[in-house]
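Student: I would like to go through this structure with you. Could we take it one feature at a time?

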Amino acid sequence: MTYKTIIGLEIHVELMTKHKIFCNCPNEFGGEANTHVCPVCLGLPGALPVLDKEALEYGIKAGIAFNGKISKLIKMDRKNYYYSDLTKGYQISQNDIPFCDGGYLEIELEDGTKKVNLERIHIEEDTGKQTHSEEGGTLLDFNRAGVPLIEVVTKPDMNSAEEARLFLDKLRTTLKYIGVSNVKMEEGSLRCDVNINVVNTETGTKSNIAEIKNLNSFKGVVKAIEFEEKRHIELLELGRNSERETRRWDETKGETIIMRKKGGASDYRFAEDGDIPPIKIADEWIEEIRNSLPELPHAKKERFINDYDLSDYDAGVLTQSKELSIFFEDTLKYIDDSKLVSNWIMGDVLRRLNDDEIEIEDSNLTPNALADLLVLIRDGKINNNTGKKVLKEMFDTEKSADTIVKEKGLIQISDEGALKEIIEKVLSENEQSIIDYKNGKDRAIGFLVGQIMKSSKGKANPQLVNKMLLELINER
Ligand SMILES: [Zn+2]
């Protein structure tokens, strides 16, 4: 039997506005519990919410970046449910008229580009946060209550965990580019619900959709999808079906666990929020926001391929984060050699950032400093291997390439007289290798070059060494 997996995602993204969505409390992560609160975000009687313009603007930015249609008239609705971290007894959200309708994002698959369509994007307030104390009590912190969120709802267009991961990655990169969210999953600014079922492609039998709530890592999303795929298929094979239910991912057990049977939207008794009048959105404002958007990752990638003659893969890596793409282009202002710069960033620079688990903007490497190092390499003052060592030292000490090269005496030896002395010495110490080479064992050359590099403390000019070594052997 063959099965097709059907996946839709609902992604909650916290917007990094200055204030909360309906009051003037600061929108900051953390802080001592219940210090960023006021009567409005606590929902005290008589407090009136006012929609924050910046929150709506950030939402619209995301809507435009995701190719959606921005509504001309929006209203806010109350989603009624009782929960301890929701003091009002309802959450202000959007029900039937979201601020953004439709839209799509494209993901790159091995066999081409795939369009993942969006159902809608709406805006709403975040709830408070509850934690459980060791004594068994529940602690409530309302600093997060009223933080602006957008909820991106996709159509069920994804068919594998990998596609879901690529989509989330694209969504996260784009949101970061346009600067509306810091998209830190570990701080909860990006949370994801997965809707999943499978269909038997021969019989058309479908499993019921399960919803997995509040996944807070890419790894969690992938593992939960893979677990559910298997669970649904196993049930269908047994002639049974999965329940329509809400589940959560248990990281330690490595499985999804049922939370509750799924209720319909009617359970929420949605009603228009009487405190917030409908808001008209002017075309001019939408245009203004559209014009304020930076170049988006996909467009930038295309430009990098065309302008800098980079491969599709290299351009993709270099435009993965806005900061990395800026670092690349800034380095080119100091050294006009896109191939050399991209090779070094994609190689030793990214490797180091990965090892240190930091982003380029948090490292002490600057475009100017990297360019200085690459100029030394391009001009043959130091060789590639020395360059790698110097770069490492630059990361560790913040010293300039010039300083490190001078302090350690690393200038490449390109003087033929000096090189000849080193080569002759190595040859006289390795007569056997010369004989081997003359008997057709080409590998002997590699060994000799290694000895010469070692004897020059890595400073010999490798091209010159190769050329002179052959000449000097043949003279013997
Ligand atoms: Zn407040």
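Predicted model: local features only at pLDDT ≥ 70, side-chain atom pairs only at ≥ 80, totals over all residues.

Student: Is C23 buried or exposed?

Tutor: C23 counts as buried, at 12% relative accessibility. C41 also counts as buried, at 6%.

Student: Changing topic: which residues of helix α5 are buried?

Tutor: In α5 (residues 283–292), they are W285, I286 and I289. Viewed down the axis of α5, these buried residues fall within an arc of 100°, so they line one face of the helix.

Student: What covers the buried residues of α5?

Tutor: The cover includes α2 (53–65) and β2 (69–70). On the face of α5 turned away from the buried side are the exposed residues E284, E288 and N291.

Student: Now the strands. How many bridges join β9 to β10?

Tutor: Four bridges join β9 (residues 129–132) to β10 (residues 138–141), and the two strands run antiparallel. K129 stands opposite D141 in β10. The two strands form a hairpin with five residues between them, and G136 in the turn has a positive phi of about 100°.

Student: How many aromatic pairs does the structure hold?

Tutor: It holds six aromatic pairs. One of them joins Y81 and Y268: the ring centres are 5.8 Å apart and the planes are at 65°, so the pair is edge-to-face. Y81 lies in the loop between β4 (77–80) and β5 (90–93) and Y268 in the loop between β15 (255–261) and β16 (271–272), so the pair ties together parts that are 187 residues apart in sequence.

Student: Which residues form a cluster with Y81?

Tutor: Y81, Y268 and F270 form one aromatic cluster. Y81 is partly exposed, with a relative accessible area of 25%, and Y268 is partly exposed as well, at 28%.

Key
Residues numbered from 1 in each chain as written. Heavy atoms only, no water. Buried < 20%, exposed > 50% of the residue type's maximum accessible area, 1.4 Å probe, protein only. Arc of directions from axis to C-beta. Contact = heavy atoms within 4.5 Å. Pairing = 2+ DSSP bridges. Phe/Tyr/Trp six-rings, centres within 6.5 Å; stacked < 30°, edge-to-face > 60°.
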